[in-house]
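Hi everyone, thanks for making time this morning. Have a look at the model on the screen, and then I'll walk you through a few parts of it.

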Amino acid sequence: MNEIFNKIKKEKIKVTIISIVIILIIVSGIIIYNSITNNSVNHKQEKVSIEKESNEVLEANKIDAEGEKVKKEDKVRELDKTEQVKDKGNPTQKAINENKNDEVSKKDLVNDSISNSNSVTKKNIESSHKATVEETPKQAETKAEIERVKMELLANNYQYTYDNELENEVLALVNEFRTKNGLAPLALSSTLRESARYKSNSMLQLDYFAHSNPQYGNKDCMYLMRNVFGVDASYYSENILSRLETEKSTAKQIFEQWRNSPPHREDMLSSEARKTGIGIVRAEKTIIRDGQVKGKAFNLYGTEHFTN
């Protein structure tokens, strides 16, 4: 009897132990499940938080970009207004005064030149003009937006020739002059040579002598070099001259005519200048004096353009 009782007791203990193990397994499973669920919820919340922050950053960037776009558009409008004011203000009072003195009648030019063919009056025959651009952030942003205009073809009122040899000789003298004064020689720019030749031939064909350009609304040398010939710089300057030749002018005569004039000398010795181009054109013209034909002579027009 005792043996049976002990056997039953052992079986109860086994059942109890098994029950406890099962309960522990169930509790562990519940704990693990809750942990996994909580981690999943936290992960989802973190993902939502990251997405929210990303959207906020993107929205902020979008707002900043739109604000920057508006600022740039405002800057462009402001620059356009500035350019319009500059155009209305050009030429300066100094250039206006020079133009009044420079634009003389053909008869006066002939009379002054004939009296001394190698020493002409500076009032009528030479002039210097600077157009320095102070580069601002607004201008730097809109460099690519500089308006290019079509080059106006010149009327062929006079048969003309460009003197390439004379141009090179004058350039050599200018660079020698700079070197003696402790300045670096100027580099020859083919584009500036084209703009200088165009300017010289313009004065010849249209019978004027001034820094303004009548075919472009009387705008100055900066407009010609920048807008017509596409030269992008912050410093522009121009020397011009005219000679009525009874004999062919030499490079030394042309160089000294500029060197002996303070404004032209200043241009040739400018520390801002880095590039140059010289254009010399000549054409045969009839000399008329007191209403009578007195002979023929060559009119020479010269231009030197400078930029940095």
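**A tyrosine to start with**

Let me begin with Y216, which is buried, its relative accessible area being 8%. Buried here means under 20% relative accessible area, exposed means over 50%, and partly exposed lies in between, with a 1.4 Å probe and protein chains only.

A word on the ground rules. This is a predicted model, in which local features need pLDDT of at least 70 and side-chain atom pairs count only at pLDDT 80 or more, while totals for chains, interfaces and linings use all residues. Residues are numbered from 1 along each chain as its sequence is written, and side-chain values use heavy atoms, with hydrogens and water left out.

**The aromatic rings**

A pair of aromatic rings is described by the distance of the centres and the angle of the planes. Rings of Phe, Tyr and Trp (for Trp, the six-membered ring) pair if their centres lie within 6.5 Å; planes under 30 degrees apart count as stacked, over 60 as edge-to-face, and the rest as tilted. The whole structure contains 5 aromatic pairs. In one of them, Y198 and Y216 have ring centres 6.5 Å apart and planes at 45°, so this pair is tilted. It links distant parts of the chain: Y198 sits in helix 7 and Y216 in the loop between helix 7 and helix 8 (221–228), 18 residues apart. Helices (H or I, at least four residues) and strands (E, at least two) are DSSP runs, numbered from the N terminus.

Y216 also forms a tilted pair with Y223, at 6.1 Å centre to centre and 50° between the planes. Is Y223 buried or exposed? Y223 counts as buried, because its relative accessibility is 15%. Y198, Y216, Y223 and F229 make up one aromatic cluster.

Helix 7 covers residues 190–206, and 24 Å is both the span its 17 residues should have at 1.5 Å a residue and the distance between its end C-alpha atoms. The expected span is 1.5 Å times one less than the number of residues. After the helix comes D207, with a positive phi near 55°.

Helix 6 also has 17 residues, and reaches 25 Å from first C-alpha to last, close to the expected 24 Å. Its buried residues include V170, V174 and F177. G182 follows helix 6, and its phi is positive too, near 75°.

**Two cores**

A nonpolar core is a set of buried Ala, Val, Leu, Ile, Met, Phe, Trp, Tyr and Cys residues joined through side-chain atoms within 4.5 Å. Which residues have the most contacts inside the largest core? They are V170, I254, M268 and I280, in a core of 18 residues. Helix 6 gives the most to this core, with 5 residues. A second, separate core has 14 residues, among them V149, L192, Y216 and A233, which brings us back to our opening tyrosine.

**One polar detail**

D267 lies in helix 10 (residues 262–268). It counts as buried because its relative accessibility is 0%. The side chains of D267 and S237 are joined by a polar contact of 2.9 Å. A polar contact is a pair of N or O atoms within 3.5 Å; within protein, one must be able to donate a hydrogen and the other to accept it, and residues adjacent in sequence count only if both atoms are side-chain atoms.

Thanks, and I'm happy to take questions.
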